[in-house]
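Hi,

Here is the structure I promised to pass on.

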Amino acid sequence: MQKQIAINLDNCTGCGLCSKVCVAHNLVIIQNKANKIMDNCVMCGQCSAVCPQRAISLEGCGNGQIDKTNDIRLVPEDIINVIRFRRSIRNFKKTEIPKEAMERILEAGRLTHTARNMQDVSYVVLAAGKERIEKMAVQMFRAIKPFADLMSPMARKNKINDNFFFFDAPTVIVILARDKTNGILAAQNMEFVAEAYGLGVLYSGFFTMAANASRKIKKALQIPKGKKVAMTLVLGYPNISYLRSTPHKELDVRYM
């Protein structure tokens, strides 16, 4: 279905809020009614979200808009502490992740804003097929390791075992997108929800690299044409507890 703006003139009161928030300057008020200049703009959805009368809708952009009944504010210090104490987890318990937690994590990805409202992000959840996919990536990295060893002492110290990418975690989410930034934004929001459920998260840059370089892995993941792996989230309950934050450099910022 083609994306386009639809205006219900019977509902429109001409308040002008839609034109005030339209980043494309595509909406104008004529004779106390909202009018569009073009059918297709950046399709950000701001106009449909601000209209008191639900007079504007975006066709072809999905549905399920929910009315906001109260202001939702996060506690800044809690957010800072979640960021401060989060660690990349590579040691997981065997405990399976509840279905409800997975659904909420994926919902966080679905609701993440995307550039030009592309909504181009999709997901492959690896559970039963996780070992088969990981084996492909392991074979690939083992083949190139001798060359990496020549370049890096750190590479020489690393051993590529059968669990090199996923560390026996119960679940892996491969995030696909046309625009990599959109996928990474979704990954960040998904991590926050995972943290809320007590889960540990690893951003597997190595598997992301392998998946984008291997036709065999792309085919196994059934990655649609035009999309690539933006990020890979390895998820599970941590089997280790960190007692303090790690050192960070002082803030480097300039105000101009």
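Below is what turned up in it.

This is a predicted model, so local features need pLDDT of at least 70 and side-chain atom pairs count only at pLDDT 80 or more, while totals for chains, interfaces and linings use all residues. Residues are numbered from 1 along each chain as its sequence is written, and side-chain values use heavy atoms, with hydrogens and water left out.

Start with the helices (DSSP runs of H or I, at least four residues; strands are E runs of at least two; both numbered from the N terminus). The axes of H5 (residues 130-151) and H8 (residues 205-213) come within 10 Å and cross at roughly 85 degrees. The axes are lines fitted to C-alpha atoms over the stretch in contact, with angles running from 0 to 180 degrees between N-to-C directions. H5 and H8 are therefore roughly perpendicular (65 to 115 degrees). In the contact (heavy atoms within 4.5 Å), Ile133, Ala137, Met140 and Phe141 of H5 meet Phe206, Phe207, Met209, Ala210 and Ala213 of H8.

Next, salt bridges (a side-chain nitrogen of Lys or Arg within 4 Å of a carboxyl oxygen of Asp or Glu). The whole structure has nine. In one of them, aspartate 67 pairs with arginine 54 at 3.1 Å, N to O. Aspartate 67 sits in the loop between S4 and helix H3 (76-85) and arginine 54 in the loop between H2 and S4, so the pair ties together parts 13 residues apart in sequence.

Cheers

Definitions and conventions
Angles under 35 degrees count as roughly parallel, over 145 as roughly antiparallel, 65 to 115 as roughly perpendicular and the rest as oblique.
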